[in-house]
Amino acid sequence: LILDNNPLERERGITILAKNVAMTYLDSKGVTRKINIIDTPGHADFGGEVERVLKMADGVLLLVDAFEGPMPQTRFVLKKAFHYHLKPIVVINKIDKTDARPDEVLNEVFDLFVELEAGDDALDFPVIYASGRDGFARLDPADASMDMRPLLETIVTKIKGPVADLEKPLQLQITNIDYSEYVGRIGIGRVFNGLIRKDQQVALLKRNGKNEKHKIVDLYLFAGLGRAKTEHAEAGDICAVVGIEDVDIGDPIADLEKHEAIPL
């Protein structure tokens, strides 16, 4: 609801443009975790957008209405997620509604997984029962939890962190483009390996085979619903880069001297 701020999205009640936010969470072991959350369109009409987003993710939260159950568009995104071997967590939302039927909806979700030929690992999915409006998540609908900790704990325990190497040359894949009238085009993407720093000279690898040299003028990490300037971003981070005016969706940004293929 918060992320769908585009007027057309508000009018149609759907997600059209992918967005991402980030949060820090002190887990049950006292470790501070950073969780990146990406909202993706759910319709086949936006297939390219969905694929780009899923390549940035390490897992998937499948959000299902406790009354309506899985929607037709759920099938498309879920099938793509299985293709990329992303670990699913099923979140049955709106269990506070009087007409909620979470047990039946869970059976419908399981049937959908089987129909889409999910692997054994995917079929062993954790389930969270939640109310976004009231701000709680539960491992069982009858639990007394009134906060979101059960969901956050499930994310950090069930979804593996990024597999990345800080020692390798920089590999960053641009998956989205933003624009500011002050700084121009802003490339948004995930760092797969290495580090990227403000003022660093990097190589932009264009589809025509041309390698362009650019300087990173500004660098941002996502924090809450906004962005915060940073001096560097490292493997596993989703960041926004400023200073590459002709950057396009799909462009890799790489180390100036060592160009290695982006892992897909």
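The points below go from the whole chain to particular residues.

1. This is a predicted model. The protein has six helices and 16 strands. Of its 264 residues, 46% are buried.

2. Among contacts with a separation of 6 or more, 63% join residues 24 or more positions apart. The exposed surface comes to about 14,400 Å², and carbon and sulfur atoms supply 51% of that area.

3. Helix 6, residues 149-158, is mostly covered, with seven of its ten residues buried. The buried residues form a run: Pro-150, Leu-151, Leu-152, Glu-153, Thr-154, Ile-155 and Val-156.

4. The largest nonpolar core has 19 residues, of which Leu-62, Leu-78, Phe-82, Val-90, Ile-92, Val-109 and Phe-113 touch the most other members. Two or more residues each come from strand 3, helix 3 (72-83), strand 4, helix 4 (102-115) and strand 5. Helix 4 gives the largest share, four residues.

5. Apart from neighbours within four places in sequence, Leu-62 is in contact with Thr-74, Leu-78, Ile-89, Val-90, Val-91, Val-109 and Phe-113.

6. There is also a second, separate core of 16 residues, with Val-191, Leu-204, Leu-219 and Leu-221 among them. In soluble globular proteins, nonpolar side chains tend to be buried together.

Note on methods: Residues are numbered from 1 along each chain as its sequence is written. This is a predicted model: local features need pLDDT of at least 70, side-chain atom pairs count only at pLDDT 80 or more; totals for chains, interfaces and linings use all residues. Side-chain values use heavy atoms; hydrogens and water are left out. Buried means under 20% relative accessible area, exposed over 50%, partly exposed in between (1.4 Å probe, protein chains only). Contact means heavy atoms within 4.5 Å. Accessible areas come from the Shrake-Rupley method with a 1.4 Å probe; for residues, only the protein chains shown count as cover. A nonpolar core is a set of buried Ala, Val, Leu, Ile, Met, Phe, Trp, Tyr and Cys residues joined through side-chain atoms within 4.5 Å.
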